[in-house]
Amino acid sequence: MSGYTGKLEDGRDIFIPTWPANVQLEHLNLLCKALSTDSIVEIANLNVPAALLAIAEAESSSKMAGLIKHCVCQARIDGSKIEPSTLDEIFDNDLYTIVELFAHVVHSQYADFFARGLAKAHSLNK
C-alpha cells in the first residue's frame, strides 16, 4: 500500500494511505469549499496554525467537523487505524493533535499537486 509516512509533534509515527484520484478530487473540492483554496494550500504545507484558523472561520461547523473526522480516520498512528468510534478516546483533551493530523492528511494528498504551481497560477488570475 502506497502512502505517506511522518511524525506528529509528540513523536508518534503516522501513515496515511494515498487516496484514489477520484477520491482526491472529490475531497479537494469539498475541502476548498469548506475552508477556501488559499487555506488548503497553506494546510498542504503543514501549516497547523493556518489549519486552526481556517477551521475556526469555517461557515458550517458541522460540515467542517465531519470532513475533519473523515480525513483523520484515514490515518494510522503507531500502526493503528483511527476509527470514528475511537476518535474521542484517542484524542481526549487533545484538539491540537486532531488538527495537526488533519494537516498531515491534506499534505499527504495535495502537497505535490500544489507544489506544481496549479493553485498559485490560478490565484494570480484573480
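# Close-up views of a predicted model

**View 1. Surroundings of Phe 102.** Leaving out neighbours within four places in sequence, Phe 102 touches Leu 31, Leu 35, Ile 43, Ile 55, Met 64, Ile 68, Cys 71 and Val 72. The model shown in this and the following views is predicted. Phe 102 is also listed, with Leu 35, Ile 43 and Val 72, among the residues with the most contacts inside the largest nonpolar core.

**View 2. The largest nonpolar core.** This core has 38 residues. Those with the most contacts inside the core are Leu 35, Ile 40, Ile 43, Val 72, Ile 82, Leu 101 and Phe 102. At least two core residues come from each of strand S2 (13–17), helix H1 (21–35), helix H2 (37–44), H3, helix H4 (61–72) and H6. Helix H6 gives the largest share, with nine residues. In soluble globular proteins, nonpolar side chains tend to be buried together.

**View 3. Packing of helix H3 against helix H6.** Two packed helices are described by the angle between their axes and the distance between the axes. For helix H3 (residues 48–57) and helix H6 (residues 95–115), the axes come within 9 Å and cross at roughly 110°. H3 and H6 are therefore roughly perpendicular to each other. On the H3 side the contact is made by Val 48, Ala 51, Leu 52 and Ile 55. On the H6 side it is made by Tyr 96, Val 99, Glu 100, Phe 102 and Ala 103. Sorted by class, the contact of H3 with H6 has eight nonpolar residues, one charged residue and no polar residues.

**View 4. Packing of helix H1 against helix H2.** The axes of H1 and H2 are 7 Å apart, and the helices pack at an angle of about 115°. H1 and H2 are therefore roughly perpendicular to each other. From H1, Leu 28, Leu 31, Cys 32 and Leu 35 meet Thr 37, Ser 39, Ile 40 and Ile 43 of H2. By class, this contact of H1 with H2 has six nonpolar and two polar residues, and no charged ones.

View 5. The buried residues in H2 include Ser 39, Ile 40, Val 41, Ile 43 and Ala 44. Of these, Ile 40 and Ile 43 are listed among the residues with the most contacts inside the largest nonpolar core. An α-helix has 3.6 residues a turn, so residues three or four places apart point the same way. Just after H2, Leu 46 has a positive phi of about 60°.

View 6. Ala 21 is placed in helix H1. With a relative accessible area of 53%, Ala 21 is exposed; the cut-off for exposed is over 50%. Ala 21 and Gly 3 are 18 residues apart along the chain, and their C-alpha atoms are separated by 13 Å.

**View 7. The loop between strands S3 and S4.** Asp 78 lies in the loop between S3 and S4. Gly 79 is found in the loop between strand S3 (76–77) and strand S4 (80–81). The relative accessible area of Asp 78 is 49%, so Asp 78 is partly exposed. Gly 79 has 69% relative accessibility and therefore counts as exposed. Although Asp 78 is not a glycine, its phi is positive, at about 50°. Most residues other than glycine have a negative phi. From C-alpha to C-alpha, Gly 79 is 20 Å from Ile 68, eleven residues apart in sequence.

**View 8. The loop between helices H5 and H6.** Asn 93 is found in the loop between helix H5 (87–90) and H6. Asn 93 has a relative accessible area of 77% and is exposed. Its phi is near 60°, a positive value in a residue other than glycine.

**View 9. The whole chain, for orientation.** The protein has seven helices and four strands. In sequence order they follow the pattern β-β-α-α-α-α-β-β-α-α-α. The C-alpha trace spans about 45 × 35 × 25 Å along its principal axes. The radius of gyration is 14 Å, which agrees with the value near 14 Å for a compact globule with 126 residues. Buried residues make up 41% of the 126 residues. Of the contacts between residues at least 6 apart in sequence, 64% join residues at least 24 apart.

Terms used
Residues are numbered from 1 along each chain as its sequence is written. This is a predicted model: local features need pLDDT of at least 70, side-chain atom pairs count only at pLDDT 80 or more; totals for chains, interfaces and linings use all residues. Side-chain values use heavy atoms; hydrogens and water are left out. Axes are lines fitted to C-alpha atoms, for helices over the stretch in contact, and angles run from 0 to 180 degrees between N-to-C directions. Angles under 35 degrees count as roughly parallel, over 145 as roughly antiparallel, 65 to 115 as roughly perpendicular and the rest as oblique. Contact means heavy atoms within 4.5 Å. Ala, Val, Leu, Ile, Met, Phe, Trp, Tyr, Cys and Pro count as nonpolar, Asp, Glu, Lys and Arg as charged, and the others, Gly among them, as polar. A nonpolar core is a set of buried Ala, Val, Leu, Ile, Met, Phe, Trp, Tyr and Cys residues joined through side-chain atoms within 4.5 Å. Buried means under 20% relative accessible area, exposed over 50%, partly exposed in between (1.4 Å probe, protein chains only). The radius of gyration is taken over C-alpha atoms; the globule rule is 2.2 Å times the number of residues to the power 0.38.
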